[in-house]
Amino acid sequence: ATGMFFSTLLVLLIIFVPFFLFGYIASVVEPVKKYLKFRCMRHGKNLFFFAGLDEKTLCLAKDIISKDKKAWIIFTSCKLSDLNKDFSQKQMQRCFAFNGTIEEYAKARKNTSYYFIAGDNELQNVDDALSLVKKFSRLTESQKARIRMFVFAKSDMSKQIFNKKNKCGISLSIVNEYELTALNLLLKKPLYYAPEKQGKQTVLLIGLANSGMNILKNLIWANCGNSVEQVQIISIDSDATLKMNYLKRDCPELFCGEYDLVFKDVNPRTGSLSDFLDSMGERINYVTVSTENDKENLEIGNFLHRYFMRNYSDPKKYPYLTILARQRLSEKASALIYGNEKSGEFAIRPFGMLEDIYSYDLIVNSEIEKLAMNVHAAYSNFDEMHPSLPEESFATYMEDESNRYSSRVAAVHIFYKLHALGFSAHVKK
């Protein structure tokens, strides 16, 4: 019996040991091969370093691969096996994962290097970014010009920190999801897509959480120049009065009488929404739903869709209806849930999807950002006695986040102004 046991054990070892051995060798050899490939073939590539691996950085990394043929993606502080399940085999040929921190790979190269500090902890992101700036500060000006940094941060406090710190000529951009969501809406689902009507245009904004507040501010600024008689923006939320007071504190210029702003304490999850809509008659011609919960946005959007179809007398008067939806659906599911806009039927238009927000065109190679730089340069040269040189206006643009934000909003306003003048304009893809 003992001999039979050892014979069986020997057979099992002969069969399974090679599998375990080859698996172990593969787990060691593959990262080594990747490392050697990176060391030997990285020259001439555009290197994109990511500190942080999540759904957002995955969306951005995949879009970079599809848009920049010279791009190599490097995720730091993670393993190669962490990437295999999220990238295709073809994409993995241009993806790398190393254990070191992003700062260990921060150096000047012949091609432009991109650094994305995108961890879950915003304060840590800010601290890591400042450490990189300090390291890059020792580079020559020509080397600094080939460095681009992106910090994922949403709070005003982060903006204030970067405004106070000398960035030493390094291109550093804050990636603020709430602001990018507002830009995505205003550029891809603009107010002038709403059905035309006589008299004042009425915009209804439902939800004043983080994205909603940014959308409200951008809606106002995009329409600046339109008189009080032309556009009315109605914001409803369970705490609309409280949110209005926050806005008065932070942006008092919005309440100087130039804009027709209305705030209503209405819970959009209850029957009070229907009562509010009844009181509006058929005045509303543009709606955006932007609570911070996708499921709630869809539920409210579906209710609005049914309400307008049931209560508006003419399909041509149906409002342009948009909802914040971060997850993209398949084409078939989208047609079933949102309706088929292409066929001309009254449909719900989703915006703010992660693939659209965390994209190469909106973050890395943003046409609206380029236009904003030109807006800022033109503004800097209003003083004919002391005109700014191009490099000076670029420096002031990069150093102050408020300059960048106001210039981006002014750039969006150009599209709205051109439309008001009868011209068709859109952001180049």
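This is a predicted model: local features need pLDDT of at least 70, side-chain atom pairs count only at pLDDT 80 or more; totals for chains, interfaces and linings use all residues.

Reader: Which residues are the closest to the centre of the largest pocket?

Author: Lys 188, Lys 189, Arg 328, Pro 350 and Asp 356 are, out of 37 lining residues. Among the elements that each supply at least two residues of this lining are helix 2 (55–67), helix 8 (177–188), strand 12 (348–351) and helix 16 (367–380).

Reader: How many residues of the lining are nonpolar, polar and charged?

Author: The lining of the largest pocket has 15 charged, 14 nonpolar and 8 polar residues.

Reader: How do I read the backbone angle phi?

Author: Most residues other than glycine have a negative phi. Ser 77 has a positive phi, near 55°. Ser 77 sits in the loop between strand 2 (71–76) and helix 3 (81–84). Cys 168 is not a glycine either, and its phi is positive at about 55°. Cys 168 belongs to the loop between helix 7 (156–164) and strand 6 (171–175).

Reader: Is Ser 77 buried or exposed?

Author: Ser 77 counts as exposed because its relative accessibility is 51%, and exposed means over 50%. Cys 168, at 25%, is partly exposed. Cys 251 is buried, with 8%, since the cut-off for buried is under 20%.

Reader: How many disulfides are there?

Author: A disulfide is a covalent bond between the sulfur atoms of two cysteines. A search of the whole structure gives 0 disulfides.

Notes. Residues are numbered from 1 along each chain as its sequence is written. Side-chain values use heavy atoms; hydrogens and water are left out. Helices (H or I, at least four residues) and strands (E, at least two) are DSSP runs, numbered from the N terminus. Buried means under 20% relative accessible area, exposed over 50%, partly exposed in between (1.4 Å probe, protein chains only). A disulfide is a pair of cysteine sulfur atoms within 2.5 Å. On a 1 Å grid over the protein atoms alone, a cavity is a set of points where a 1.4 Å probe fits but cannot get out, and a pocket is an open set with protein on both sides within 12 Å along at least five of seven lines; lining residues have an atom within 4 Å of a point. Ala, Val, Leu, Ile, Met, Phe, Trp, Tyr, Cys and Pro count as nonpolar, Asp, Glu, Lys and Arg as charged, and the others, Gly among them, as polar.
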